[in-house]
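Thanks for coming. Please have the sequence and the structure open.

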Amino acid sequence: MPSFASSAGIQNNTEGNTTNPSRESCFGLLKQSIAVHNDLEATTKQSGQQPLASVGVTASASKVESLGQQPHLLFLSSQFENWGDSTMADASPRTDTSTDLDIDEKNQMLEQGQLAVTGASDSSDRSKDKRLDQKTLRRLAQNREAARKSRLRKKAYVQQLESSRLKLTQLEQELQRARQQGIFISGSADQSHAVGGNGALAFDVEYARWLEEHNRQVNELRAAVNAHASENDLRSIVDGVLSHYEEIFRLKGIAAKADVFHILSGMWKTPAERCFLWLGGFRSSELLKLLANQLEPLTEQQLMGICNLQQSSQQAEDALSQGMEALQQSLAETLAGSLGPSGSSGNVANYMGQMAMAMGKLGTLENFLRQADNLRQQTLQQMHRILTTRQSARALLAIHDYLSRLRALSSLWLARPRE
Amino acid sequence: MDRVLRLSSQKAVVIFSVSSCCMCHTVKRLFMELGVDAAVHELDQDPKGRDMERALAKMLDRTPTVPAVFIGGNLVGSTDKVMSLHLGGKLVPLLRDAGALWL
């Protein structure tokens, strides 16, 4: 049975395998060839020792002879040995589905296999029994030890599960408490999108989810580009990525109504991204600059289009930056205007008035953020309009890679060794 | 309303603004960057400012009403409209047609 041998041959690779098919098939075949297995299990399981009934031996021997499979059985018993030594000792708790009962099973089969071999080759020579006993006893002891270890590992694993479960219930309670305190947190984890995600925490969660999906889409896009997918396939994926971008702008808008400072200050981004943030997000002109190099070859018209787009967004960005500067100056003047010797009633009224004015000015922050996001959105759409589908795909990949490098840089920086 | 319409056609580019509005400042800066000499009317400094603001609100159908941009006597819109036009490469041709730019 060539298939039998080959499947037995690959059994040693049991890392991370809960069910090793070769092991199973080996077991199956052995069960077939040594048909008294069940009987023996019933009688010898309890004792833990393996006194061997002569009945079993003869039955096995006869089976072996009928099959004419002596070499294979030898091979099989050595496989058992390997299993006993390496697999059982090294298997992680996760992979250890066998119980001590299984070990006993194996021990019995081992003995049966051994006996069948010795029985078939030299059934009349009693002097071999001594050597058999020593070898077998050693092997049995090893198996018992392995079984004990696996029991301990299982216990540890179950304890780990229990503590995790406890932690989970604790977290759920905290979440419930937080909800009651008025922080809106989007419902269950398996909601496809959070509705009305107000509050900083809720947005952070939504953003993390958005980023995960974005990465998945980009991987799909990358695969399609590398596989030279058709125009239609590529276009649908590109459209998907672009509309997903629109989704984050929409979410930012909603979150900004609840907490504009959280969005504007980029607390939801990695530190490196946050440092180089422009009005709560990426700077369109910067991305276009990097694209101009990545996207060659471009037609004359396309190159001009991209350059004009870059210039326009630069001008728009400058205008918005100037507007923000004006806002900050205006705010400073307003707050400074309320400074003065405290105590007099006139000053208190003045203070209140100035604060009210300052509050009004802060209200325009949301508008600035919206304009900035609008700019980013327009940039992506215009870029898509100017470029071919394939170029748009490569552009989106380049943008993604650039931004994820920035994120990775942030992590690397935070984890760098310090004296 | 009449005043608004009259003022809006007095120059190629007319911006209705409020002096304390920072978004208006943004739009003014943009046109300045493009080399456009726009006529700016600060509603808070105009005696008929409130009426004008009401008229603009009707035309724009949004808040805030400022900044409100007219090019060639026609209402273009507010900040986002101007930005979109510019990114789409359509603002400059519009300005040229209205005679606000000669390049």
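By salt bridge I mean a side-chain nitrogen of Lys or Arg within 4 Å of a carboxyl oxygen of Asp or Glu. What we are looking at is a predicted model.

By that rule, the count over all chains is 19 salt bridges. Between chain A and chain B, the count is 1 salt bridge. The partners there are A:Arg370 and B:Asp80, with 3.7 Å from N to O.

Let me stay with that interface. On the chain A side, helix 13 and helix 14, the latter spanning 345–386, each supply at least two of the residues that touch chain B. Helix 13 gives the most, with 12 residues. Sorted by type, the chain A residues touching chain B are 8 nonpolar, 11 polar and 4 charged. In terms of contacts, 23 residues of chain A meet 17 residues of chain B. There are also 3 residue pairs in polar contact across the interface, counting pairs with both residues at pLDDT 80 or more.

How much area is buried between chain A and chain B? About 1,800 Å², and carbon and sulfur atoms give 60% of that.

Now to salt bridges inside chain A. Take A:Asp401 and A:Arg222, which pair at 3.1 Å, N to O.

A:Arg283 is in the loop between helix 11 (271–275) and helix 12 (284–294), while A:Glu317 belongs to helix 13, residues 300–337, so the parts being tied together are 34 residues apart in sequence. Are these two side chains buried or exposed? A:Glu317 counts as buried, at 0% relative accessibility, whereas A:Arg283 is partly exposed at 27%.

A:Glu247 and A:Arg250 form a salt bridge too, with their closest N and O atoms 2.9 Å apart. Both are in helix 9, residues 231–258, and being 3 residues apart they are separated by about one helical turn. A:Glu247 is partly exposed at 24%, and A:Arg250 is partly exposed at 41%.

Last, a network: salt bridges link A:Glu213, A:Arg216 and A:Glu220.

That is what I have for today.

How values were computed:
Residues numbered from 1 in each chain as written. Chains lettered and ligands numbered in written order. Predicted model: local features only at pLDDT ≥ 70, side-chain atom pairs only at ≥ 80, totals over all residues. Heavy atoms only, no water. Helix = DSSP H or I, 4+ residues; strand = E, 2+ residues; numbered from the N terminus. Buried < 20%, exposed > 50% of the residue type's maximum accessible area, 1.4 Å probe, protein only. Contact = heavy atoms within 4.5 Å. Buried area = accessible area lost by both parts, 1.4 Å probe. Polar contact = N/O pair within 3.5 Å; in protein donor to acceptor, adjacent residues only side chain to side chain. Nonpolar A, V, L, I, M, F, W, Y, C, P; charged D, E, K, R; others polar.
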